[in-house]
Amino acid sequence: MHDRRERFEAIVLPHLDAAYRFARWLSRSPGDADDVVQEAILRAFRGFDTLRGSDVKAWLLTIVKNCHLTAVTQQQRRAFVPLPEEQNVQDGHAMISTTPDPERSSIDRDEQRTLDRLISALPEDQREILVLREIEEMDYREIATVINIPIGTVMSRLARARAALKTRWFKEADGESHAMR
Amino acid sequence: MQCAESLRVQAYFDGELDALSAVDIERHSGTCDECRALLNDIKQTRATLRHNLRYESAPPALRARVMRALDQESEVKSPRLQRERITSRRLRPFWQGAFSGIVGTGVAAGIAFFLLAPPLMRPLVDDLVSAHVRSLMPDHLIDVVSTDKHTVKPWFAGHTDVSPVVADFDQQGYRLIGGRADYFDHQRAAVVVYKHGSHVVNVFSWAAATGSIPKNTTRNGYHLAFWKTGDLVYCAVSDTAWDELLGLVRLLQDTSTRDAR
């Protein structure tokens with residue numbers, strides 16, 4: 001038992017940061033993300049014996065995704081009228097650290113905030129695949145495992161997500177000259 | 001109208017095509033304006049994303065919470081161990097646990113070395129993964145903090161047995177953040193540390209003892225890429241995708257070739 005826990009800590013817990021980042025992009029709030037991560041780690045620990053092969057990170061992120069889906073279902077059952085996700089554009093700000101980052105200029109930080117907001121406003125399936133490819137740097141096969149879709153769907157969805165982000169980015173840049181910030 | 005090759009162009013960009021198809025797509029995007037524009041777009045999107053996005057690691061409070069939850073879970077499973085766990089385990093920081101796991105892995109690797117003599121490369125791979133994981137612990141990543149290769153390289157001369165190639169590839173997305181000395185394979189190996197987005201890439205180097213080097217492999221969610229330049233064996237370890245890891249390997253190999261000239 002002792003041994004199992006130690007192996008778990010050595011093999012799975014190094015991917016805690018990745019699990020956390022992924023949960024933050026999936027969830028609506030930091031608090032939700034924390035709950036999802038904790039639940040995912042527990043499930044991973046219970047199912048640790050079923051882990052085969054070397055794809056630990058993809059395996060853990062799959063569990064994170066499932067925990068997120070469970071949490072969303074539960075929330076919707078509790079809430080009377082679930083909020084449409086795409087209108088919740090403020091959420092992205094949660095990912096921005098409030099402490100100033102000396103490495104970045106204020107222009108950079110503005111850009112960061114804008115991008116954050118745009119990504120948060122993407123439909124969940126597109127946001128998820130962008131995060132897995134560009135931030136977690138997973139390949140198609142790993143992404144297919146985590147989301148549980150065929151590789152062909154990974155390709156088409158990723159293409160859609162990239163195009164959608166680009167379009168929104170340009171729209172934002174266009175609007176900028178008119179709007180006061 | 002979308003070009004029929006657009007998905008393959010994207011796959012080419014993501015490093016998912018075999019060499020033959022890659023040449024095919026390179027030729028195609030040379031003549032197809034639409035696909036050339038697409039390549040440009042997704043390149044831009046990636047650059048913007050990786051430059052701007054906040055990369056966060058799990059906050060210490062969450063880490064502690066997860067450890068407590070694991071403690072409780074273990075108690076449910078093994079009530080006999082309960083008391084011992086509460087007294088000893090709860091106070092122990094996460095990394096101490098992780099470290100003992102690594103030591104355990106090391107011991108296991110040692111035993112495996114003697115029991116399973118033919119797969120000689122296994123312990124080496126285990127050692128490298130352990131060293132990589134250990135480096136991710138707070139304060140273990142770098143001994144000399146510098147983004148300047150002219151600081152990192154001389155530092156190795158005094159602290160390790162080898163003098164590896166050191167270069168900054170910030171433009172290409174691999175930021176040099178420092179160097180470290182690591183003891184394994186009976187020598188003081190040099191480790192050059194790069195940051196790629198939120199991912200740490202450790203590039204280990206040590207003097208080659210035998211002619212053969214291990215094949216590229218994946219262990220515990222980390223990719224390991226091996227190559228040899230002159231008398232040095234290199235191994236790059238990270239949890240990035242293969243494409244991103246091999247990108248750095250190519251840059252380092254090109255730099256060695258240039259330096260040799």
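**A hairpin in chain B**

A: Start at a turn in this predicted model. S3(B) and S4(B) form a hairpin with two residues between the strands. In that hairpin, B:Gly197 takes a positive phi near 60 degrees.

Now follow the strands themselves. Strand S3 of chain B covers residues 187-196. Strand S4 of chain B covers residues 199-207. The two run antiparallel, and seven bridges join them. One pairing to find is B:Val192, whose bridge partner in S4(B) is B:Val203.

S3(B) also pairs with strand S2 of chain B, residues 175-184. This pairing is antiparallel too, over nine bridges. Here B:Tyr183 has B:Arg188 of S3(B) as its bridge partner.

So how buried is S3(B)? A residue counts as buried if 20 or more other C-beta atoms lie within 10 Å of its own. Seven of the 10 residues of S3(B) are buried, so the strand is largely enclosed by the rest of the structure.

Chain B, which holds this hairpin, also touches chain A. That contact takes 53 residues from chain B and 45 residues from chain A. On the chain A side, several helices each supply at least two residues, among them helix H1 (2-11), helix H3 (30-46) and helix H8 (151-176). By class, the chain A side has 22 nonpolar, seven polar and 16 charged residues.

Note on methods. Residues are numbered from 1 along each chain as its sequence is written. Chains are lettered from A and ligands numbered from 1 in the order in which they are written. This is a predicted model: local features need pLDDT of at least 70, side-chain atom pairs count only at pLDDT 80 or more; totals for chains, interfaces and linings use all residues. Two residues are in contact if their C-beta atoms, placed from the backbone, lie within 7 Å. Helices (H or I, at least four residues) and strands (E, at least two) are DSSP runs, numbered from the N terminus. Ala, Val, Leu, Ile, Met, Phe, Trp, Tyr, Cys and Pro count as nonpolar, Asp, Glu, Lys and Arg as charged, and the others, Gly among them, as polar. A residue is buried if 20 or more other C-beta atoms lie within 10 Å of its own, exposed if 12 or fewer, and partly exposed in between; C-beta atoms are placed from the backbone. Two strands pair if DSSP finds at least two bridges between them.
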